[in-house]
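Reader: I have just opened this one and would like someone to walk me through it. Could we start with a sheet and go on from there?

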Amino acid sequence: RIPELGGPAVGLCSGGIAAELAPLTAALDLTYAAAADPADRAVVVTGDPQRAVAEFADCVRRNPQAASFAAQVVRASAGLPVPAAIDMESFAYSTLQGGPEFGRWLEERRRLGRPLPPPPETDPVLLAADGDTFRITLNRPERRNAYGTALRDALVDALRTALLADTFGRIVLDGAGASFCSGGDLDEFGHTPDTATAHLIRTRGGAARLMARLAERIEVRLHGHCVGAGIEISAFAGRVVAAPETVIRLPEVAMGLIPGAGGTVSVPRRIGRWRALHLFVTGVALGPQDALEWGLVDEIAAAHDR
(Lines give C-alpha, C1' and ligand atoms only; values in the text may rest on other atoms or scores of the structure.)
Protein backbone atom coordinates (compact mmCIF):
# COMPACT_ATOMS: atom_id res chain seq x y z
CA ARG A 1 0.00 0.00 0.00
CA ILE A 2 2.95 2.37 0.50
CA PRO A 3 3.33 3.39 -3.18
CA GLU A 4 -0.31 4.49 -3.13
CA LEU A 5 0.40 7.15 -0.50
CA GLY A 6 1.79 9.57 -3.07
CA GLY A 7 4.33 11.66 -1.17
CA PRO A 8 7.47 10.47 0.61
CA ALA A 9 6.64 7.72 3.12
CA VAL A 10 9.01 7.88 6.09
CA GLY A 11 9.35 5.35 8.90
CA LEU A 12 10.22 6.08 12.52
CA CYS A 13 11.64 3.55 14.98
CA SER A 14 12.61 4.72 18.46
CA GLY A 15 14.65 1.57 19.03
CA GLY A 16 16.49 -0.85 16.77
CA ILE A 17 15.23 -2.25 13.47
CA ALA A 18 14.48 -5.96 13.79
CA ALA A 19 15.39 -8.21 10.89
CA GLU A 20 11.75 -9.08 10.21
CA LEU A 21 11.04 -5.40 9.47
CA ALA A 22 13.32 -5.42 6.42
CA PRO A 23 10.45 -5.79 3.89
CA LEU A 24 8.74 -2.74 5.43
CA THR A 25 11.81 -0.51 5.50
CA ALA A 26 12.62 -1.55 1.93
CA ALA A 27 9.14 -0.49 0.82
CA LEU A 28 9.29 2.87 2.60
CA ASP A 29 11.13 5.82 1.07
CA LEU A 30 13.28 6.21 4.19
CA THR A 31 13.35 5.12 7.84
CA TYR A 32 14.98 6.88 10.79
CA ALA A 33 15.91 4.62 13.71
CA ALA A 34 18.02 4.62 16.86
CA ALA A 35 19.87 1.48 15.77
CA ALA A 36 20.09 -0.82 12.77
CA ASP A 37 22.41 -3.15 10.92
CA PRO A 38 25.02 -0.83 9.32
CA ALA A 39 24.55 -2.74 6.07
CA ASP A 40 20.84 -1.86 5.95
CA ARG A 41 20.83 0.95 3.39
CA ALA A 42 17.11 1.67 3.94
CA VAL A 43 17.76 3.08 7.42
CA VAL A 44 19.46 6.25 8.66
CA VAL A 45 20.61 5.75 12.24
CA THR A 46 20.35 8.81 14.47
CA GLY A 47 20.44 9.57 18.18
CA ASP A 48 17.04 11.26 17.99
CA PRO A 49 14.79 9.64 15.35
CA GLN A 50 11.77 11.80 16.21
CA ARG A 51 13.75 14.98 15.69
CA ALA A 52 15.16 13.61 12.42
CA VAL A 53 11.65 12.91 11.11
CA ALA A 54 10.51 16.39 12.16
CA GLU A 55 13.44 18.02 10.37
CA PHE A 56 12.80 15.93 7.25
CA ALA A 57 9.12 16.93 7.34
CA ASP A 58 10.05 20.62 7.66
CA CYS A 59 12.18 20.34 4.52
CA VAL A 60 9.31 18.66 2.67
CA ARG A 61 6.89 21.39 3.74
CA ARG A 62 9.22 24.09 2.40
CA ASN A 63 9.52 22.45 -1.03
CA PRO A 64 6.88 19.71 -1.30
CA GLN A 65 7.03 19.35 -5.08
CA ALA A 66 10.80 18.97 -5.24
CA ALA A 67 10.86 16.56 -2.29
CA SER A 68 8.07 14.45 -3.79
CA PHE A 69 9.78 14.40 -7.20
CA ALA A 70 13.03 13.27 -5.57
CA ALA A 71 11.28 10.33 -3.87
CA GLN A 72 9.43 9.35 -7.06
CA VAL A 73 12.49 9.55 -9.28
CA VAL A 74 14.84 7.47 -7.11
CA ARG A 75 12.12 4.85 -6.63
CA ALA A 76 11.15 4.64 -10.30
CA SER A 77 14.66 4.74 -11.76
CA ALA A 78 16.25 2.17 -9.46
CA GLY A 79 15.98 -0.69 -11.96
CA LEU A 80 16.61 1.30 -15.13
CA PRO A 81 19.82 1.27 -17.19
CA VAL A 82 21.96 4.32 -16.42
CA PRO A 83 21.20 6.28 -19.63
CA ALA A 84 17.43 5.84 -19.18
CA ALA A 85 17.66 6.75 -15.49
CA ILE A 86 19.59 9.92 -16.36
CA ASP A 87 16.85 10.86 -18.83
CA MET A 88 14.17 10.29 -16.18
CA GLU A 89 16.04 12.53 -13.74
CA SER A 90 16.30 15.27 -16.34
CA PHE A 91 12.61 15.10 -17.30
CA ALA A 92 11.72 15.67 -13.66
CA TYR A 93 14.33 18.42 -13.30
CA SER A 94 12.98 20.28 -16.34
CA THR A 95 9.45 20.02 -14.96
CA LEU A 96 10.57 21.54 -11.66
CA GLN A 97 12.37 24.34 -13.51
CA GLY A 98 8.93 25.54 -14.58
CA GLY A 99 7.44 25.20 -11.09
CA PRO A 100 6.80 27.74 -8.34
CA GLU A 101 9.42 26.45 -5.90
CA PHE A 102 12.36 26.96 -8.25
CA GLY A 103 10.75 30.17 -9.48
CA ARG A 104 10.75 31.51 -5.93
CA TRP A 105 14.38 30.55 -5.40
CA LEU A 106 15.40 32.08 -8.73
CA GLU A 107 13.60 35.35 -8.02
CA GLU A 108 15.40 35.66 -4.69
CA ARG A 109 18.69 34.92 -6.43
CA ARG A 110 18.08 37.54 -9.09
CA ARG A 111 17.49 40.17 -6.44
CA LEU A 112 21.20 39.87 -5.69
CA GLY A 113 21.88 41.27 -9.14
CA ARG A 114 24.83 38.99 -9.81
CA PRO A 115 26.06 38.98 -13.44
CA LEU A 116 26.94 35.92 -15.47
CA PRO A 117 30.37 34.58 -14.53
CA PRO A 118 33.28 35.91 -16.62
CA PRO A 119 34.91 33.55 -19.12
CA PRO A 120 37.87 31.62 -17.75
CA GLU A 121 41.27 33.25 -18.13
CA THR A 122 43.02 29.88 -18.29
CA ASP A 123 42.02 26.40 -19.44
CA PRO A 124 39.04 25.33 -17.27
CA VAL A 125 40.30 21.76 -17.32
CA LEU A 126 43.94 20.64 -17.39
CA LEU A 127 45.03 17.40 -19.04
CA ALA A 128 48.19 15.38 -18.48
CA ALA A 129 49.27 11.94 -19.66
CA ASP A 130 51.78 9.78 -17.81
CA GLY A 131 52.16 6.33 -19.29
CA ASP A 132 48.74 4.72 -19.25
CA THR A 133 47.40 7.29 -16.73
CA PHE A 134 45.32 10.22 -17.97
CA ARG A 135 44.86 13.00 -15.41
CA ILE A 136 41.97 15.46 -15.66
CA THR A 137 42.09 18.45 -13.30
CA LEU A 138 39.19 20.86 -12.83
CA ASN A 139 40.87 24.25 -13.06
CA ARG A 140 38.58 27.10 -12.07
CA PRO A 141 39.73 27.56 -8.47
CA GLU A 142 38.55 31.18 -8.47
CA ARG A 143 34.99 29.79 -8.69
CA ARG A 144 35.71 26.74 -6.54
CA ASN A 145 35.56 24.67 -9.73
CA ALA A 146 31.84 25.29 -10.12
CA TYR A 147 30.24 23.07 -12.75
CA GLY A 148 29.37 25.91 -15.09
CA THR A 149 29.20 25.90 -18.87
CA ALA A 150 32.92 26.38 -19.57
CA LEU A 151 34.11 23.77 -17.08
CA ARG A 152 31.37 21.30 -18.02
CA ASP A 153 32.14 21.48 -21.73
CA ALA A 154 35.87 21.11 -21.14
CA LEU A 155 35.33 18.14 -18.83
CA VAL A 156 33.06 16.46 -21.37
CA ASP A 157 35.69 16.96 -24.09
CA ALA A 158 38.34 15.42 -21.83
CA LEU A 159 36.16 12.39 -21.03
CA ARG A 160 35.36 11.91 -24.71
CA THR A 161 39.08 11.99 -25.45
CA ALA A 162 39.69 9.29 -22.86
CA LEU A 163 36.84 7.20 -24.23
CA LEU A 164 37.85 7.49 -27.88
CA ALA A 165 41.58 7.10 -27.30
CA ASP A 166 41.08 3.82 -25.42
CA THR A 167 44.79 3.82 -24.56
CA PHE A 168 44.58 4.90 -20.93
CA GLY A 169 44.05 2.14 -18.43
CA ARG A 170 43.63 4.63 -15.58
CA ILE A 171 41.92 8.02 -15.48
CA VAL A 172 42.33 10.31 -12.45
CA LEU A 173 39.93 13.21 -11.93
CA ASP A 174 40.80 15.87 -9.33
CA GLY A 175 40.39 19.59 -8.74
CA ALA A 176 42.72 22.56 -8.34
CA GLY A 177 42.42 24.98 -5.44
CA ALA A 178 40.62 24.70 -2.11
CA SER A 179 37.66 22.61 -3.28
CA PHE A 180 37.10 19.78 -5.71
CA CYS A 181 33.82 21.21 -7.05
CA SER A 182 31.22 23.51 -5.51
CA GLY A 183 28.42 22.26 -7.74
CA GLY A 184 26.55 24.04 -10.50
CA ASP A 185 27.48 27.68 -11.02
CA LEU A 186 24.51 29.43 -9.41
CA ASP A 187 25.15 32.61 -11.40
CA GLU A 188 24.25 30.68 -14.57
CA PHE A 189 20.95 29.28 -13.26
CA GLY A 190 17.86 30.41 -15.14
CA HIS A 191 19.73 31.47 -18.30
CA THR A 192 18.95 28.47 -20.53
CA PRO A 193 16.55 29.47 -23.34
CA ASP A 194 13.89 26.89 -22.35
CA THR A 195 13.49 23.70 -20.32
CA ALA A 196 13.53 21.42 -23.38
CA THR A 197 16.94 22.76 -24.43
CA ALA A 198 18.12 22.46 -20.84
CA HIS A 199 17.13 18.77 -20.87
CA LEU A 200 19.16 18.09 -24.00
CA ILE A 201 22.20 19.91 -22.59
CA ARG A 202 22.03 18.02 -19.28
CA THR A 203 21.63 14.58 -20.80
CA ARG A 204 23.62 14.81 -24.04
CA GLY A 205 26.08 17.57 -23.19
CA GLY A 206 26.78 16.66 -19.56
CA ALA A 207 29.44 14.42 -18.04
CA ALA A 208 27.20 11.80 -16.37
CA ARG A 209 26.84 9.32 -19.25
CA LEU A 210 30.56 9.46 -20.04
CA MET A 211 31.52 8.98 -16.39
CA ALA A 212 29.29 5.92 -16.23
CA ARG A 213 30.82 4.45 -19.39
CA LEU A 214 34.35 5.05 -18.10
CA ALA A 215 33.59 4.04 -14.50
CA GLU A 216 35.89 1.02 -14.32
CA ARG A 217 38.91 3.14 -15.26
CA ILE A 218 38.16 6.31 -13.30
CA GLU A 219 39.38 7.32 -9.85
CA VAL A 220 38.07 10.62 -8.45
CA ARG A 221 39.94 12.46 -5.71
CA LEU A 222 37.76 14.71 -3.60
CA HIS A 223 38.84 17.49 -1.26
CA GLY A 224 37.31 20.54 0.34
CA HIS A 225 33.72 21.22 -0.66
CA CYS A 226 32.10 18.65 -2.91
CA VAL A 227 28.59 19.97 -3.54
CA GLY A 228 25.78 19.01 -5.90
CA ALA A 229 27.22 18.13 -9.31
CA GLY A 230 30.61 17.67 -7.65
CA ILE A 231 29.51 14.48 -5.90
CA GLU A 232 26.84 13.51 -8.44
CA ILE A 233 29.38 13.11 -11.24
CA SER A 234 32.04 11.65 -8.95
CA ALA A 235 29.75 8.91 -7.63
CA PHE A 236 29.69 7.29 -11.08
CA ALA A 237 33.42 6.54 -10.80
CA GLY A 238 34.66 3.09 -9.96
CA ARG A 239 36.78 4.50 -7.15
CA VAL A 240 36.31 7.65 -5.08
CA VAL A 241 38.98 8.83 -2.62
CA ALA A 242 38.19 11.66 -0.21
CA ALA A 243 40.60 13.87 1.71
CA PRO A 244 39.94 14.09 5.48
CA GLU A 245 38.52 17.63 5.18
CA THR A 246 36.01 16.77 2.44
CA VAL A 247 32.43 18.01 2.94
CA ILE A 248 29.66 16.60 0.75
CA ARG A 249 26.24 18.21 0.26
CA LEU A 250 23.32 17.92 -2.15
CA PRO A 251 21.31 21.16 -1.78
CA GLU A 252 19.05 21.08 -4.85
CA VAL A 253 15.71 20.29 -3.16
CA ALA A 254 16.06 23.48 -1.08
CA MET A 255 16.26 25.31 -4.43
CA GLY A 256 13.02 23.72 -5.65
CA LEU A 257 14.87 21.20 -7.82
CA ILE A 258 16.36 17.70 -7.60
CA PRO A 259 19.95 16.70 -8.39
CA GLY A 260 20.36 17.27 -12.12
CA ALA A 261 23.89 16.13 -13.00
CA GLY A 262 23.11 12.43 -12.60
CA GLY A 263 22.92 12.37 -8.81
CA THR A 264 19.57 10.57 -8.56
CA VAL A 265 21.29 7.76 -10.48
CA SER A 266 24.88 7.68 -9.19
CA VAL A 267 24.34 8.36 -5.48
CA PRO A 268 21.52 5.80 -4.88
CA ARG A 269 23.50 3.11 -6.69
CA ARG A 270 26.28 3.62 -4.18
CA ILE A 271 24.34 4.14 -0.93
CA GLY A 272 20.76 3.07 -1.66
CA ARG A 273 17.77 5.22 -2.63
CA TRP A 274 16.71 5.64 1.01
CA ARG A 275 19.86 7.28 2.35
CA ALA A 276 20.15 9.20 -0.92
CA LEU A 277 16.69 10.68 -0.35
CA HIS A 278 17.76 11.72 3.15
CA LEU A 279 20.71 13.65 1.66
CA PHE A 280 18.61 15.15 -1.12
CA VAL A 281 15.71 16.41 0.99
CA THR A 282 17.60 17.61 4.06
CA GLY A 283 20.70 18.93 2.26
CA VAL A 284 22.68 17.87 5.33
CA ALA A 285 26.48 17.92 5.14
CA LEU A 286 28.14 14.51 5.08
CA GLY A 287 31.70 14.07 6.28
CA PRO A 288 34.16 11.58 4.80
CA GLN A 289 33.82 9.00 7.58
CA ASP A 290 30.05 8.68 7.16
CA ALA A 291 30.50 8.77 3.39
CA LEU A 292 32.98 5.88 3.70
CA GLU A 293 30.68 3.84 5.94
CA TRP A 294 27.76 4.35 3.57
CA GLY A 295 29.82 3.58 0.46
CA LEU A 296 29.70 7.01 -1.16
CA VAL A 297 33.51 7.08 -1.06
CA ASP A 298 35.88 4.13 -1.08
CA GLU A 299 38.85 5.51 0.85
CA ILE A 300 39.90 8.46 3.00
CA ALA A 301 43.43 9.66 2.24
CA ALA A 302 45.35 12.90 2.45
CA ALA A 303 46.64 14.31 -0.83
CA HIS A 304 50.24 13.26 -0.18
CA ASP A 305 49.16 9.67 0.55
CA ARG A 306 47.37 9.11 -2.76
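Author: Let us begin with an open sheet of 3 strands, which follow one another in the order S1-S2-S3 with parallel pairing. Please keep in mind throughout that this is a predicted model.

Reader: Okay, and which strands stand at the edges of that sheet?

Author: Strand S1 (10-16) and strand S3 (43-45) are the edge strands, and each has a single partner strand, so one side of each is left without a neighbour in the sheet. On average, neighbouring strands here are turned by 25° against each other, if direction is ignored.

Reader: How many bridges join S1 to S2?

Author: Strand S2 (residues 30-35) is joined to S1 by 5 bridges, and the two run parallel. If you want a pair to find on the screen, look for Gly16, which stands opposite Ala35 in S2.

Reader: And which helices lie across these strands?

Author: Helix H2 (residues 49-62) lies across S1 and S2, and its direction makes an angle of about 165° with S1. Helix H11 (residues 273-282) lies across S2 and S3 instead, running at about 100° to S2.

Reader: Switching topic: what does S9 pair with?

Author: Strand S9 (residues 239-242) pairs in the parallel sense with strand S7 (residues 218-222) over 4 bridges, and Arg221 has Val241 of S9 as its bridge partner. S9 is also joined by 2 bridges to strand S11 (residues 299-300), again running parallel, and there Ala242 stands opposite Ile300.

Reader: What about the inside, then: which residues touch the most other members of the largest nonpolar core?

Author: Those are Met211 and Leu222, in a core that has 78 residues. Helix H6 (residues 149-165) gives the largest share of this core, namely 7 residues. As a general background, nonpolar side chains tend to be buried together in soluble globular proteins.

Reader: Zooming out, how many helices and strands are there in the protein?

Author: The protein has 12 helices and 11 strands. Its radius of gyration is 19 Å, close to the 19 Å that the globule rule gives for 306 residues, so the protein is as compact as a globular protein of that length. Along the principal axes, the C-alpha atoms fill a box of roughly 55 × 45 × 35 Å.

Reader: How much of it is buried?

Author: Buried residues account for 51% of the 306 residues. The protein exposes about 13700 Å², and 54% of that is supplied by carbon and sulfur atoms. As for contacts between residues at least 6 apart in sequence, 68% join residues at least 24 apart.

Reader: I clicked on Pro100; is that one buried or exposed?

Author: Pro100 counts as exposed because its relative accessibility is 53%, and the cut-off for that is over 50%. This proline belongs to helix H5 (residues 100-110). Pro100 and Ala35 are 65 residues apart in sequence, and their C-alpha atoms are 38 Å apart in space.

Reader: Last one: what is the phi of Arg144 and of Asn145?

Author: Arg144 has a phi near 55°, a positive value in a residue other than glycine, and Asn145 has a positive phi of about 55° although it is not a glycine either. Most residues other than glycine have a negative phi.

Reader: Where do they lie, and how is each one covered?

Author: Arg144 is in the loop between strand S5 (133-138) and H6, and Asn145 lies in the loop between S5 and H6 as well. Arg144 is partly exposed, with a relative accessible area of 44%, whereas Asn145 is buried at 0%.

Note on methods. Residues are numbered from 1 along each chain as its sequence is written. This is a predicted model: local features need pLDDT of at least 70, side-chain atom pairs count only at pLDDT 80 or more; totals for chains, interfaces and linings use all residues. Side-chain values use heavy atoms; hydrogens and water are left out. A nonpolar core is a set of buried Ala, Val, Leu, Ile, Met, Phe, Trp, Tyr and Cys residues joined through side-chain atoms within 4.5 Å. Buried means under 20% relative accessible area, exposed over 50%, partly exposed in between (1.4 Å probe, protein chains only). Two strands pair if DSSP finds at least two bridges between them. The radius of gyration is taken over C-alpha atoms; the globule rule is 2.2 Å times the number of residues to the power 0.38. Contact means heavy atoms within 4.5 Å. Accessible areas come from the Shrake-Rupley method with a 1.4 Å probe; for residues, only the protein chains shown count as cover. Axes are lines fitted to C-alpha atoms, for helices over the stretch in contact, and angles run from 0 to 180 degrees between N-to-C directions.
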